[in-house]
Amino acid sequence: MSTPTPGLALLPVQIAVYGALQADAALGTLVTGVFDFVEEGQPYPYVHVGEAIETPDNAHDRHGAETVITLHVWSQYRGYAEALRIAGRVVEVLDHTPLSIDGHHHVATRFEFSQTLTDPEPPGDIRHVVLRFRIVTDVTGA
């Protein structure tokens, strides 16, 4: 019997997060889309699946990973209300929700933090909410 080998969880986790957000009808009514790559001129508001960090989370009898993924909510609404409503829905969709992650067993998804920012570049009317989630996985069959 062969032992499963560890592989990067980054791409399967990103695909699972993107899929969960895309599939949520309530989120779909709040945004123009959920994107991995944002085209120039994309209408606001939207969610961008951003940066991620993966660290091993192995034990003596298994391979695992902790993937920290950053999501960005972008809005041109005056004030933070729209962006924060969208961010709240993203947290509802992902926090403590099982994800189907190809090649990996989902252990946990935990919301870590949010931060509000205002883009200082002219015209200065862009609101940005940063969200971070920690997703813990084991290699399937481990």
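**Contacts and overall arrangement of the predicted chain**

Leaving out residues up to four places away in sequence, Thr 137 touches Ala 9, Val 13, Gly 64, Ala 65, Ile 101, His 104, His 105, His 106 and Val 107. This residue belongs to strand β5, and in the model, which is a predicted one, Thr 137 has a relative accessible area of 0%. Thr 137 therefore counts as buried, since that term applies to residues under 20% relative accessible area.

The C-alpha trace spans about 60 × 30 × 25 Å along its principal axes. Of the 142 residues in the chain, 40% are buried, and among the contacts with a separation of 6 or more, 61% are accounted for by residues 24 or more positions apart. The accessible surface amounts to about 7900 Å², with 55% of this area belonging to carbon and sulfur atoms. As to charge, the chain carries 8 positive and 18 negative side chains, and a distance of 8 Å separates the centres of the two sets.

The packing of two of the helices was examined next. Helix α1, which comprises residues 10-23, and helix α3, which comprises residues 81-94, have axes that come within 10 Å of each other and cross at roughly 115 degrees; the crossing of α1 and α3 is right-handed. Where the two helices meet, Val 17, Ala 20 and Leu 21 are the residues on the side of α1, and Val 90, Val 93 and Leu 94 are those on the side of α3.

Two features of the backbone were then considered. Most residues other than glycine have a negative phi, and most peptide bonds are trans. The peptide bond that leads from Tyr 44 to Pro 45, however, is cis, with omega near -10 degrees, and Pro 45 is located in the loop between β1 (34-35) and β2 (46-56). A positive phi is found at His 96, a residue other than glycine, where the value is near 55 degrees. His 96 lies in the loop that runs between α3 and β4, and it counts as exposed because its relative accessibility is 60%, the cut-off for this term being over 50%.

The loop between β4 and β5 provides two further positions, Gly 124 and Pro 120. Strand β4 covers residues 104-118 and strand β5 covers residues 127-139, with Gly 124 in the loop between them. Gly 124 is partly exposed, because its relative accessible area is 28% and the term covers values between the limits of 20% and 50%. When its neighbours within four places in sequence are left aside, Gly 124 is in contact with Thr 118 and Asp 119. Between Gly 124 and Gln 14, which are 110 residues apart in sequence, the C-alpha to C-alpha distance is 30 Å. Pro 120, by contrast, counts as exposed, because its relative accessibility is 70%. The C-alpha atoms of Pro 120 and Arg 134 are separated by 29 Å, although these two residues are 14 residues apart along the chain.

Note on methods
Residues are numbered from 1 along each chain as its sequence is written. This is a predicted model: local features need pLDDT of at least 70, side-chain atom pairs count only at pLDDT 80 or more; totals for chains, interfaces and linings use all residues. Side-chain values use heavy atoms; hydrogens and water are left out. Buried means under 20% relative accessible area, exposed over 50%, partly exposed in between (1.4 Å probe, protein chains only). Contact means heavy atoms within 4.5 Å. Accessible areas come from the Shrake-Rupley method with a 1.4 Å probe; for residues, only the protein chains shown count as cover. Lys and Arg count as positive and Asp and Glu as negative; His and the chain ends are not counted. The place of a charge is taken as NZ of Lys, CZ of Arg, CG of Asp or CD of Glu. Axes are lines fitted to C-alpha atoms, for helices over the stretch in contact, and angles run from 0 to 180 degrees between N-to-C directions. Helices (H or I, at least four residues) and strands (E, at least two) are DSSP runs, numbered from the N terminus. A crossing is left-handed if the near helix is turned anticlockwise from the far one by less than a right angle, and right-handed if clockwise.
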